[in-house]
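Biologist: Can you walk me through the side-chain contacts in this one? Charges to begin with, then rings.

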Amino acid sequence: MHEHTTGTNAPVTDWREFQKANPGLEAIDAFTIDVNGNTAGKRLPARDGEKLYEDGVQYSACSLIADSRGLGQGPLGIGKADGDPDGTALPLPGKLCRVPWTSAPTAQVMCHLTDVATGRPIWYDPRVILGDVVKACRAAGLNPVAACELEFYLIDPKRGPDGQIFVGALPGRSPSRRAANLSLEAVDDASAFLSRVDEAARVQGLPVCGAVAEYGIGQYEVNLRHVADPLLAADHAVLLKRLVKGVARSVGLEATFMAKPFASQPGSGLHVHVSLIDGEGRNRFGAPGGEVLLRHAIAGAQALMYDSLALFAPNFNSQRRYLGLFVPTTRDWDHNNRSVAFRVPAATGQARRLEHRVAGADASPHLTVAAILAGILHGVTRELEPTEPLGGKASRGSDPNFPSDLIVALDRLENSTLLGEYVPPKYLELYSELKRGEYGELIEEVFTREYDFYA
């Protein structure tokens with residue numbers, strides 16, 4: 001799969017050549033990426049593939065800003081006051097591939113959603129938001145390289161009477177009863193599932209480069225290789241989530257990327273690794289003078305962390321993750337220290353990089369990477385200096401300025417003039433209104449535990 005991340009439309013010859021190389025296709029999934037990092041679109045019969053590539057397929061433009069359930073909240077009147085108009089989804093070049101986990105032979109293609117009247121990309125598409133930040137970085141002479149790591153749990157598809165979820169049993173095994181961080185036995189137990197993930201990634205051209213058992217019972221992490229295109233790195237993360245969920249269903253399980261699915265188990269994160277390269281592809285952080293550049297990047301990430309927190313932790317459950325071990329609630333940084341928000345791994349030369357550890361696995365990869373790059377751009381162009389590194393100590397306690405409540409975080413995001421220099425203020429307003437609406441509908445129902453506290 002040859003990948004490009006421009007907003008240009010894929011030529012119909014892409015489909016013709018693909019169909020010739022993959023006879024017997026029955027369907028094609030055409031989708032866009034929404035504000036939650038989920039895919040939304042339509043499954044079309046393969047016989048309509050050529051029409052898809054020539055004319056696109058129309059569906060609700062506000063699907064890009066659906067809430068976590070896929071329902072509309074009508075932020076800024078979009079999707080409600082405007083009559084819920086369609087957009088036209090048009091295939092992107094290099095995004096066509098097989099879907100190896102479906103029972104019927106199926107293809108998929110990532111699309112961008114355009115205005116029906118003007119043909120221009122929809123302004124609130126998360127890929128547009130990230131793309132504009134990347135352009136700003138490059139205009140300033142910064143060429144970011146990025147890679148994402150995603151943690152998730154495998155769960156039983158059957159729910160409890162109140163909708164609660166349980167750790168799933170791998171095929172032929174009983175549910176695990178203990179955590180097995182970095183256990184190769186746990187990886188062996190999950191080998192059938194992980195092998196299918198690896199094979200599906202190979203078929204889809206996703207640069208998966210390893211899987212580990214994580215701290216939680218039934219929790220895993222899959223890593224992606226770094227690429228010199230942050231938009232492509234974020235695309236990879238979304239496609240990996242879709243792939244993991246699809247493969248899990250194919251073996252009778254489900255995968256959840258909830259930030260904190262179990263109160264007594266570790267949360268799941270989206271960790272982003274970033275470096276900067278020069279025109280020859282050399283890592284500027286690992287070059288002479290690179291430590292100064294790295295410090296500026298860290299300082300910028302520190303400066304924007306709290307203003308961006310509602311992007312890193314986008315819902316009520318996301319905030320629970322910050323109650324766990326090694327989940328940052330301060331702006332600390334350090335070398336080779338997983339307890340901090342900004343970790344510099346023990347790597348040199350071409351591998352020198354910054355690991356941003358703040359976001360949950362339920363965050364939008366595109367908005368997360370956009371906020372991270374905005375911070376780096378801010379710090380480097382203004383030559384900011386970070387706080388002193390922790391020096392090998394575990395980060396303890398919480399910064400009193402940390403927005404430890406979703407509504408507080410959304411207010412801070414919406415009113416951030418600093419983040420608004422890099423992300424359109426109108427988008428910050430739209431996002432905050434969307435997430436407040438989602439939260440309001442969540443708390444309309446009385447939680448079971450409230451009866452224990454207040455009845």
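**Side-chain contacts**

Modeller: The structure holds 19 salt bridges. Keep in mind that this is a predicted model.

Biologist: What does Glu 291 form a salt bridge with?

Modeller: Its partner is Arg 352, with the closest N and O atoms 3.0 Å apart. Glu 291 sits in helix α7 (residues 290-305), while Arg 352 is in the loop between β12 (342-344) and β13 (354-356), so the pair ties together parts 61 residues apart in sequence.

Biologist: Is Arg 352 buried or exposed?

Modeller: Arg 352 is buried, at 14% relative accessible area. Buried means under 20%. Glu 291 has 32%, so it counts as partly exposed.

Biologist: Which salt bridge does Arg 382 make?

Modeller: Arg 382 meets Glu 421, at 3.0 Å from N to O. Both are in loops: Arg 382 between α10 (365-381) and α11 (406-414), Glu 421 between α11 and α12. They are 39 residues apart. Arg 382 is partly exposed at 41%. Glu 421 is partly exposed too, at 47%.

Biologist: And Asp 411, what does that side chain meet?

Modeller: Arg 436, in a salt bridge of 2.9 Å, N to O. This pair links helix α11, which holds Asp 411, to helix α12, which holds Arg 436, across 25 residues. Asp 411 has 34% relative accessibility and is partly exposed. Arg 436 is partly exposed at 26%.

Biologist: Which residues do shared partners join into one network?

Modeller: Arg 16, Glu 50 and Glu 54, through salt bridges.

Biologist: OK, rings now. How many aromatic pairs?

Modeller: There are 13. One of them is Tyr 153 with Phe 262: centres 5.2 Å apart, planes at 75°. Over 60 counts as edge-to-face, so that is the label here.

Biologist: Where do those two sit in the chain?

Modeller: Tyr 153 is in strand β6 (residues 143-155). Phe 262 is in the loop between β9 (254-256) and β10 (270-277), 109 residues apart from Tyr 153. Tyr 153 is buried at 0% relative accessible area, and Phe 262 is buried at 14%.

Biologist: What about Phe 316 and Tyr 439?

Modeller: They form a tilted pair, 6.0 Å centre to centre, with 40° between the planes. Phe 316 lies in helix α9 (residues 316-320) and Tyr 439 in helix α12 (residues 425-442), so the pair ties together parts 123 residues apart in sequence. Phe 316 is partly exposed, at 27%.

Biologist: Which residues do ring pairs link into a cluster?

Modeller: Phe 152, Phe 193, Tyr 220 and Phe 257. Lys 241 lies over the face of Phe 257, 5.5 Å from the ring centre.

Definitions and conventions:
Residues are numbered from 1 along each chain as its sequence is written. This is a predicted model: local features need pLDDT of at least 70, side-chain atom pairs count only at pLDDT 80 or more; totals for chains, interfaces and linings use all residues. Side-chain values use heavy atoms; hydrogens and water are left out. Rings of Phe, Tyr and Trp (its six-membered ring) pair if their centres lie within 6.5 Å; planes under 30 degrees apart count as stacked, over 60 as edge-to-face and the rest as tilted. Helices (H or I, at least four residues) and strands (E, at least two) are DSSP runs, numbered from the N terminus. Buried means under 20% relative accessible area, exposed over 50%, partly exposed in between (1.4 Å probe, protein chains only). A charge sits over a ring if NZ of Lys or CZ of Arg is within 6 Å of the ring centre and within 35 degrees of the ring normal. A salt bridge is a side-chain nitrogen of Lys or Arg within 4 Å of a carboxyl oxygen of Asp or Glu.
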